[in-house]
Amino acid sequence: MIGLVLAGGKSSRLGQDKTRVVHEGQTLLTRTATLLQRHLDKVYVSCRQTLDVGGPWPVITDETERIGPAGGIITALRKFKEPIFVLACDLPFMEDGIIERLMAAREERPRHCVLTTWQLKDSGFIENLVAIYEPQALPLLEAGVSQGLFKLSRLIPAELRHTVTYTEDERRIFFNVNYPTDLEQLQGR
């Protein structure tokens, strides 16, 4: 399995490059890649353009044109033809236990499932950027994108997802930094 840190967004909602946001002495990008590296031998950073990632992780340049996270995932699945553990770079509270639980859930998934991911118990919200995509997900992603669908939650049908439920108590772990107010919250202002 390959680890893939998604760092290709424009950070337009935040107003600054979120990969460079420092939290507890590390950039969000370094923290995320280091976290994945503890569980996987091969970790790559997915970007829109070549980026100095500030660490030993090779960069994969997105081969698709501005279609969001789906483009980075499609590029990696095409390149590696292996399961890809995807983790967004902007999750400052992500934990080893969440990674381990998802990897264990993947081993127990029904074989027809092409995505193993987290789902919020009460709302049913799917965490497509903390997920494991099987190589068999590639045709579904490509087909959806070719039809103009770019939202990951619409590209993999529910019957092909294996989900692990998390509760409202665990929601903070999945907090991501998208807006200036999120950054203020992260920095305790």
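In this predicted model, a salt bridge joins E134 to R106, and the closest N and O atoms of the pair are 2.6 Å apart. R109, like E134, is buried. These contacts form part of a network of salt bridges in which R106, E107, R109 and E134 are linked.

In total, eight salt bridges are counted in the model. Another of them is formed by R38 and D96, with the closest N and O atoms 3.0 Å apart. This pair, too, links distant parts of the chain, with R38 in the loop between helix 1 (28–37) and strand 4, D96 in helix 3 (residues 96–108), and a separation of 58 residues. R38 has a relative accessibility of 52% and therefore counts as exposed, while D96, with a relative accessible area of 26%, is partly exposed.

R109 is also one of the residues in contact with H162, a list that, once neighbours within four places in sequence are set aside, consists of A105, E108, R109, P110, C113, L115, T116 and T117. H162 itself lies in strand 9 (residues 161–166), and it counts as buried because its relative accessibility is 18%, which falls under the 20% cut-off. The side chain of H162 reaches the backbone oxygen of A105 at a distance of 3.3 Å.

Strand 6 (residues 84–88) is largely enclosed by the rest of the structure, because five of its five residues are buried. In a regular strand, the side chains alternate between the two faces of the sheet. In strand 6, I84, V86 and A88 point one way and F85 and L87 point the other way, and all of these residues are buried. Strand 6 runs parallel to strand 1 (residues 2–6), to which it is joined by five bridges, and I2 stands opposite I84 in this arrangement. Strand 6 is also joined to strand 8 (residues 126–133) by four bridges, but here the two strands run antiparallel, and the bridge partner of F85 in strand 8 is I132.

The loop between helix 2 (69–80) and strand 6 contains K81, which counts as exposed because its relative accessibility is 63%. Most residues other than glycine have a negative phi. The phi of K81, however, is near 55°, a positive value in a residue that is not glycine.

A further lysine, K42, is placed in strand 4 (residues 42–47) and counts as partly exposed because its relative accessibility is 39%. When residues up to four places away in sequence are not counted, K42 touches M1, I2, G3 and E82. K42 and L4 are 38 residues apart in sequence, yet their C-alpha atoms are 8.6 Å apart in space.

How values were computed. Residues are numbered from 1 along each chain as its sequence is written. This is a predicted model: local features need pLDDT of at least 70, side-chain atom pairs count only at pLDDT 80 or more; totals for chains, interfaces and linings use all residues. Side-chain values use heavy atoms; hydrogens and water are left out. Buried means under 20% relative accessible area, exposed over 50%, partly exposed in between (1.4 Å probe, protein chains only). Two strands pair if DSSP finds at least two bridges between them. A polar contact is a pair of N or O atoms within 3.5 Å; within protein, one must be able to donate a hydrogen and the other to accept it, and residues adjacent in sequence count only if both atoms are side-chain atoms. Contact means heavy atoms within 4.5 Å. A salt bridge is a side-chain nitrogen of Lys or Arg within 4 Å of a carboxyl oxygen of Asp or Glu.
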